[in-house]
Amino acid sequence: MSKAKWIIAMSLTALSLGAQAGEVEYWWHGANGEAGEPFVIPPSVLTREQVRAELAAAIARGELAFGEAGAPFVGGPSVLSRAQVRAELMEAIRLGVHGSHEAGAPIATPEQEARIAAAGRLAAERYAQRQR
């Protein structure tokens, strides 16, 4: 048996054993790397259809909250043009207040927010002038 076939066979064996495992044990690690207490995630007793039905019911009741603040997500059409969104993104990147960092997402100062909004307005004005 070639080396590649042997590696594939071992990988498939490992995957099948992992799929058959009932409970999964995880170890919590602290901020300083010290080992914490293990915790076990039991296997689910619900079927996929039951989970989907519960999700649909929670959405219908308005119980789902997204984000760290827990504010419910309210979707809807965007009121900004693509040019505005792009201009605001580029300004936020230029100011260094976009993206994720180890310490969390950077927070823009009121002055930076004003500059970002101004970049979006300028892009909207330019777009409107081209449409005339």
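I started with Glu 91, which forms a salt bridge with Arg 94, the closest N and O atoms being 2.8 Å apart. I take a salt bridge to be a side-chain nitrogen of Lys or Arg within 4 Å of a carboxyl oxygen of Asp or Glu. This is a predicted model, where local features need pLDDT of at least 70, side-chain atom pairs count only at pLDDT 80 or more, and totals for chains, interfaces and linings use all residues. Residues are numbered from 1 along each chain as its sequence is written, and side-chain values use heavy atoms, with hydrogens and water left out.

Next I looked up where the pair sits. Glu 91 and Arg 94 are 3 residues apart in helix H3, so about one helical turn separates them. Helices here are DSSP runs (H or I, at least four residues), numbered from the N terminus. Glu 91 is buried at 14% relative accessible area, while Arg 94 is exposed at 55%. My cut-offs: buried is under 20%, exposed over 50%, partly exposed in between (1.4 Å probe, protein chains only).

I then counted salt bridges and got 2 by this rule. Glu 111 and Arg 115 also meet in one, at 3.2 Å from N to O. They are 4 residues apart in helix H4, so again about one helical turn lies between them. Arg 115 is partly exposed, at 40% relative accessibility.

Last, I checked how H3 and H4 touch. Among the H3 residues that meet H4 are Glu 91 and Arg 94, and Arg 115 is one of those on the H4 side. Contact means heavy atoms within 4.5 Å.

Methods. Helix = DSSP H or I, 4+ residues; strand = E, 2+ residues; numbered from the N terminus.
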